[in-house]
Amino acid sequence: MVEFLQQIIEGLGAGSIYASLALALVLIYRFTGIVNFAQGELAMFATYVAWQFVHAGVPFWLALVLTLAVSFAGGMLIERVIIRPVEGGPELTVVIVTVGLFIFVNAAAGWIWSFLIKDFPNPFPRGAFEAGGVSVAYSTLGVMAVVSAVMGLLYLLFRHTKIGLGMRAVATNPESARLVGIRVGWTLALGWGLAATVGAVSGVLVAPLLFLEPNMMGGVLIYAFAAATLGGFDSPMGAVAGGLIVGVAETLAGAYVGFIGSDLKIGVPLAVILGVLLLRPQGLFGRAAVERA
């Protein structure tokens with residue numbers, strides 16, 4: 001039983017990271033209807049920016065604040081310069097643009113910082129908290145606390161500010177929002193900036209657990225897609241719940257399903273995506289699209 005609880009705790013820690021990147025995917029999809037395949041690479045690039053600040057002698061938490069500001073501005077710039085010209089076009093065109101952005105950002109990071117592996121500082125204390133034979137690493141507690149704080153801030157933004165109300169209106173009905181005076185274009189850019197900021201948090205949380213290199217978010221993006229698909233691409237809360245479920249499922253499958261082990265755990269999110277698309281395409285918390293004849 002203790003070993004089972006230990007696996008659950010580790011799964012929740014991993015799932016929190018998946019949830020943060022899934023949340024960024026959902027934010028962009030809700031505002032623009034675009035599935036951003038470059039979200040993981042944008043998070044990776046932001047992590048390199050944080051590493052550059054720390055490498056220059058900036059304290060970690062100040063470096064994180066500066067990185068989030070750069071990510072927010074970068075997300076808005078991408079929406080205005082790259083995404084805006086193809087918004088409203090064929091879906092395949094938008095997909096190709098985000099895939100192209102994926103390739104460009106990956107190559108740009110390798111060109112600027114090289115493809116050599118770098119160490120990234122862990123902001124949380126070493127060691128673990130033990131209770132009842134179950135060991136919980138302080139880094140795991142830190143990751144879960146950060147993701148919880150992000151969720152809380154987003155809830156306050158969307159529910160208790162005029163900006164959040166405007167963003168919700170644009171996400172629900174852009175044309176009606178425009179008629180009541182909301183600047184839809186800038187609101188969409190704000191959504192991209194917000195998603196880039198949340199994605200940057202994910203990258204900074206992942207880097208200490210892995211190594212910083214241009215391809216580090218590839219696997220995480222697959223888990224994030226599984227989390228968003230499971231929770232529902234139009235539900236931020238579902239993205240978080242989906243991330244936690246996927247993290248626990250992956251950990252338990254690797255520990256207790258013999259043929260999966262540590263080598264085939266990547267098959268778990270793929271199975272989740274396939275199963276949800278076949279059984280409940282809108283996800284656990286999403287709403288099915290209804291069209292009137």
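Predicted model: local features only at pLDDT ≥ 70, side-chain atom pairs only at ≥ 80, totals over all residues.
Rolling a probe the size of a water molecule over the atoms shows where empty space is left. The largest pocket holds about 810 Å³ of space, and its lining is made up of 32 residues, with Tyr29, Thr32, Gly33, Ile34 and Glu91 lying nearest its centre. Two or more residues of this lining come from each of helix H1 (2–32), helix H4 (91–113), helix H6 (162–172) and helix H8 (184–206), and the largest share, 4 residues, is given by H1. Sorted by class, the lining of the largest pocket consists of 18 nonpolar, 9 polar and 5 charged residues.

The second largest pocket has a volume of about 550 Å³, and of the 17 residues that line it, Arg30, Arg159, Arg168, Asp234 and Pro236 are the closest to its centre. Here the elements that give two or more residues are H1, helix H5 (138–160), H6 and helix H10 (236–256), with H5 giving the most, 5 residues. The lining of the second largest pocket divides into 10 nonpolar, 2 polar and 5 charged residues.

The residues that line the cavity are Asn122, Pro123, Phe124, Val143, Val204, Leu205, Pro208 and Leu209, a set with 7 nonpolar residues, 1 polar residue and no charged ones.

Side chains of opposite charge can pair when their charged atoms come close, and the structure holds 3 salt bridges. In one of them, arginine 84 pairs with glutamate 79, with 3.0 Å between the closest N and O atoms; arginine 84 counts as partly exposed at 27% relative accessibility, whereas glutamate 79 is buried at 0%.

Another salt bridge joins glutamate 175 to arginine 178, whose closest N and O atoms are 3.3 Å apart. Because these two residues stand 3 residues apart in helix H7 (residues 174–179), about one helical turn separates them. Glutamate 175 counts as exposed, at 53% relative accessibility, while arginine 178 is partly exposed at 42%.

Lysine 265 and glutamate 250 also form a salt bridge, their closest N and O atoms being 3.7 Å apart. Lysine 265 lies in the loop between H10 and helix H11 (267–279) and glutamate 250 lies in helix H10, so this pair ties together parts that are 15 residues apart in sequence. Lysine 265 is partly exposed, with a relative accessible area of 25%, but glutamate 250 is buried at 6%.

Conventions:
Residues numbered from 1 in each chain as written. Heavy atoms only, no water. 1 Å grid on protein atoms, 1.4 Å probe; cavity = no way out; pocket = protein on both sides within 12 Å on 5 of 7 lines; lining within 4 Å. Points joined across faces, edges and corners; volume = space filled by probe spheres on them. Nonpolar A, V, L, I, M, F, W, Y, C, P; charged D, E, K, R; others polar. Salt bridge = Lys/Arg side-chain N within 4 Å of Asp/Glu carboxyl O. Buried < 20%, exposed > 50% of the residue type's maximum accessible area, 1.4 Å probe, protein only.
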